[in-house]
Amino acid sequence: MSLLTPAQAETLIEQHLACLPIESLPLTQVAGAVLRENIYAERDQPPFDRVAMDGIAMDAAAAVNNPRLRIAGSQAAGDPPQTLADPATCIEIMTGAMLPQGCDAVVPVEQIQRAGEYAEIGRKPVRPWQNVHRRGSDCRQGALLLAAGTRLSAPEVAIAAGAGMARLRVSAQPMIVVISTGNELVEPGELIEPHQVRRSNAYGITASLRQHGYTRIADDHVRDDEAELTQRLGFHLHTHDVLILSGGVSMGKLDLVPKVLEKLGVSLVFHHVAQRPGKPMWFGVSHAGPAVFALPGNPVSTLVCLSRYVLPALRAAMGQAPGEPPRISLTAPFEVKAPMAYYLPVKLNSDDWGRTSAEPCPTNGSGDFTSLAGTDGFVELPPGPNTFPKGFVARFYRW
Ligand code: AMP
Ligand code: MG
């Protein structure tokens with residue numbers, strides 16, 4: 001059987017994901033969340049003819065023959081609107097106020113001279129509706145402002161607040177557990193023997209998840225022991241929505257993860273993808289619901305598979321509308337030898353014309369994660385053997 005392509009693996013993941021439940025959160029808690037309801041305009045926007053400058057409000061037609069107007073009143077933002085009783089007068093007005101009745105224009109304070117209770121507006125013509133933000137000119141009451149599936153950043157949260165929503169229905173945060181496997185792994189900060197390795201993947205994965213807005217993240221480290229793996233993975237399958245494992249999915253005698261997962265009732269969706277690094281990646285779903293991403297342990301493979309598959313899957317499970325990864329061109333040629341998709345770490349550069357391009361930063365194999373410092377992500381190159389020229393356009397995935 002030929003290996004799956006990355007695109008096929010991605011489609012299989014999408015087909016097996018369950019959508020996360022909805023929760024209702026107060027507006028102060030929704031930054032970065034994915035909206036699961038449509039938001040409509042509560043009122044016209046602006047909801048009234050809004051004064052856009054501090055100054056005086058008047059009837060533009062009356063002002064044509066009358067460059068000197070008596071100030072008949074004063075109205076601040078938030079005051080109920082006054083009425084211009086006599087068109088030969090004006091009302092002192094502040095930005096954000098409702099345009100007084102009988103007025104259709106505002107002359108800014110910088111363009112008037114005050115003389116006692118009079119305002120001199122000079123000979124400059126006053127145009128009707130100048131400095132007035134007309135009611136409903138931005139949008140109408142009932143207009144769709146935000147569609148379900150929108151990720152909420154600052155403008156969207158402000159828009160929801162403007163529509164009068166105190167709480168929003170958003171996707172619940174998934175309960176994620178990051179599980180490292182390996183007898184050789186030692187916690188940062190603990191004494192390490194020459195034959196041991198730092199447990200770095202879990203920290204990289206967790207950093208990425210946090211950076212992308214996920215907050216409910218547990219962490220575990222399990223030894224390459226069948227009984228221990230069975231017990232701990234069994235527990236995590238009952239308590240989490242998503243399991244992200246690293247290590248233990250290759251061909252070694254102690255790569256026990258696939259066997260244990262299947263024994264625990266997690267159905268294999270795929271094992272192995274035609275890609276480098278990350279070929280041994282394993283994905284399955286448990287009958288109880290959780291999705292299990294078992295990523296190869298080599299540190300570059302782990303981070304690549306996380307960004308290529310797990311982050312997009314989490315976004316889809318949150319109900320976020322799918323988007324194509326951006327395309328970007330290489331600043332230098334790159335040779336791919338193997339007949340598999342190749343993930344090439346890159347730094348993004350921006351030229352004097354504002355164009356972004358990707359500078360190849362190859363690593364010394366899938367174990368060399370020190371070379372990743374300062375990179376922004378990676379591009380996916382098609383299977384080789386081939387030399388992709390400078391300017392070749394590929395999909396870019398951010399860490
Ligand atoms: P494995 O996929 O378990 O065969 O591991 C492949 C390589 O990645 C081995 O050299 C492991 O020591 C290393 N490795 C596995 N898990 C981790 C981890 N959590 N942090 C750092 N290196 C790891
Ligand atoms: Mg291992």
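Strand 24 and strand 25 form a hairpin, with 5 residues between the two strands. G354 sits in the turn and has a positive phi of about 80°. Strands here are DSSP runs of E with at least two residues, and helices are runs of H or I with at least four residues; both are numbered from the N terminus.

This is a predicted model, in which local features need pLDDT of at least 70, side-chain atom pairs count only at pLDDT 80 or more, and totals for chains, interfaces and linings use all residues. Residues are numbered from 1 along each chain as its sequence is written, chains are lettered from A and ligands numbered from 1 in the order in which they are written, and side-chain values use heavy atoms, with hydrogens and water left out.

**The strands around strand 24**

Strand 24 covers residues 341-350. Two strands count as paired if DSSP finds at least two bridges between them. The table lists partners of strand 24.

| Partner of strand 24 | Sense | Bridges | Residues standing opposite |
|---|---|---|---|
| Strand 19 (residues 275-276) | parallel | 2 bridges | Q275 and A341 |
| Strand 26 (residues 377-381) | antiparallel | 5 bridges | Y343 and E380 |

**The chain as a whole**

The chain has 7 helices and 28 strands. Its radius of gyration, taken over C-alpha atoms, is 31 Å. Along its principal axes, the C-alpha trace spans about 95 × 50 × 45 Å.

Of the 399 residues, 44% are buried. Buried means under 20% relative accessible area, exposed means over 50%, and partly exposed lies in between, with a 1.4 Å probe and protein chains only. The accessible surface comes to about 19700 Å². Carbon and sulfur atoms hold 53% of that surface. These areas come from the Shrake-Rupley method with a 1.4 Å probe; for residues, only the protein chains shown count as cover.

Contact means heavy atoms within 4.5 Å. Among contacts with a separation of 6 or more, 70% join residues 24 or more positions apart.

The chain carries 35 positive and 39 negative charges, and their mean positions are 3 Å apart. Lys and Arg count as positive, Asp and Glu as negative; His and the chain ends are not counted. Each charge is placed at NZ of Lys, CZ of Arg, CG of Asp or CD of Glu.

S301 lies in helix 7 (residues 299-317). Its relative accessibility is 3%, so S301 counts as buried. Not counting residues up to four places away in sequence, S301 touches P277, G278, P296 and S366.

P290 belongs to the loop between strand 20 (282-286) and strand 21 (291-295). P290 has 4% relative accessibility and therefore counts as buried. L237 is 53 residues away from P290 along the chain, yet their C-alpha atoms are separated by 6.4 Å. Beyond its neighbours within four places in sequence, P290 has contacts that include L237, H240 and D241. L243, G284 and V285 are also among them.

H236 is part of helix 5 (residues 226-239). At 5% relative accessibility, H236 counts as buried. Leaving aside neighbours within four places in sequence, H236 is in contact with V177, I179, D220 and L243.

Technical notes: The radius of gyration is taken over C-alpha atoms; the globule rule is 2.2 Å times the number of residues to the power 0.38.
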